[in-house]
Amino acid sequence: MPALGTLSGGGVAGLLRLRRASPAAPAVATPFPAAARCAASASAAVVHDGGQLVWGRQLRPALLLPGAGGVIPSAQAAKRQALRPPAAAAGSAGEAKPAGFLEKYPALITGFFFFMWYFLNVIFNILNKKIYNYFPYPYFVSVIHLLVGVVYCLLSWTVGLPKRAPINSTLLKLLFPVALCHALGHVTSNVSFAAVAVSFAHTIKALEPFFNAAATQFVLGQPVPLPLWLSLAPVVIGVSMASLTELSFNWTGFINAMISNISFTYRSIYSKKAMTDMDSTNVYAYISIIALIVCIPPALIIEGPTLLQHGFNDAIAKVGLTKFVSDLFFVGLFYHLYNQVATNTLERVAPLTHAVGNVLKRVFVIGFSIIVFGNRITTQTGIGTCIAIAGVAIYSYIKAKIEEEKRAKSA
């Protein structure tokens, strides 16, 4: 089963930073060095990366039989190993297993992941907006998004794919700020999507890199290079141009989209501080559970009375009970799956490819939402949106190049 969930947009990389390599185990002295090396090879045959189980073939250990000296001489052991190379399948006559189609063309697999990431994201955004057109209760819908994902994670834990990582009070203290920012950003994003056109909401959310740079400079105290600041100028100008003439503009949608940007920025900050040895699958599962608990009280207080009076009845009267329930289930499932595939995709590619992929994803969502919903946009709004997206692309490219240079120097 693929790795579970991640966070939307630029926050995915922030969540992935929650992981770090476990400390190396101390070396244990053994009278059989060859056996120790083979045992290490066998234990490495099963690798857990981002919650995704990667099964490898376990190599046969060196044959240790009692002899005149207690073990087979090293020359004989080497001869036996030479007769059975690691590439040979167990029980075979020594013929190497031919590489499969997936091993020969890894680029096709990566391309498929990108396609599914974009496809699931577009479907989620379209279905989400269609629900708001007849059921305008974003707090409740946000709870459904998280609830379906939590159920998915619990079922995965039940079958052991992946195995649930233990958690204690110390880890909860580290993850709670991340989950709180995730919950706030998720809810305010949905409030914005319910209030304005999907294309305009995503245009406003293009400002997230600006808030990330500002927080890095003024909150974390880490200097941001001048080229990065300059690349953010077209983002700010483009969003301003689009906002001035956007036909669906209202302050509720605009303000909540801005709050979402700030929330996801602080989520990235807390993610850097909350470094754990837990894999990203379990981290996201625990964050989703905490975020769900955080989101339930506001939904009950703000929308609960209205939902009980006429909210549910109005929605069922418009589309029927079956469609209403199925829409809520599928929008939650698509929300979780697109985040899950995003994690799998971003773990397969370099930072520069990741940056370009995130920008293209936003272009796809904006373009398809305009086509599906037939949103009328002014010429200035269209030009402003293009300028903002181009600015995000330039920013992402420069930032990825800087990160690659830092890694090259440290290596």
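1. The chain has a mean pLDDT of 78, with 74% of its residues at 70 or more; pLDDT is the predictor's confidence in each residue, from 0 to 100. This is a predicted model, in which local features need pLDDT of at least 70 and side-chain atom pairs count only at pLDDT 80 or more, while totals for chains, interfaces and linings use all residues. Residues are numbered from 1 along each chain as its sequence is written, and side-chain values use heavy atoms, without hydrogens and water.

2. Helices (H or I, at least four residues) and strands (E, at least two) are DSSP runs numbered from the N terminus. The pLDDT is below 50 over residues 20-93, a stretch with 63 contacts beyond near neighbours in sequence (contact: heavy atoms within 4.5 Å). Where pLDDT is low, the predicted coordinates should not be read in detail.

3. Asn 261, in helix α12 (residues 251-273), is buried at 0% relative accessible area (buried is under 20%, exposed over 50%, partly exposed in between; 1.4 Å probe, protein chains only). Its side chain reaches the backbone oxygen of Ile 204 at 3.2 Å.

4. There are 25 aromatic pairs: rings of Phe, Tyr and Trp (its six-membered ring) with centres within 6.5 Å, stacked if the planes are under 30 degrees apart, edge-to-face over 60 and tilted otherwise. Phe 135 and Tyr 137 form a tilted pair, because their planes stand at 50°, with centres 4.8 Å apart. Phe 135 is buried at 0% relative accessibility, and Tyr 137 is buried at 10%.

Key
Polar contact = N/O pair within 3.5 Å; in protein donor to acceptor, adjacent residues only side chain to side chain.
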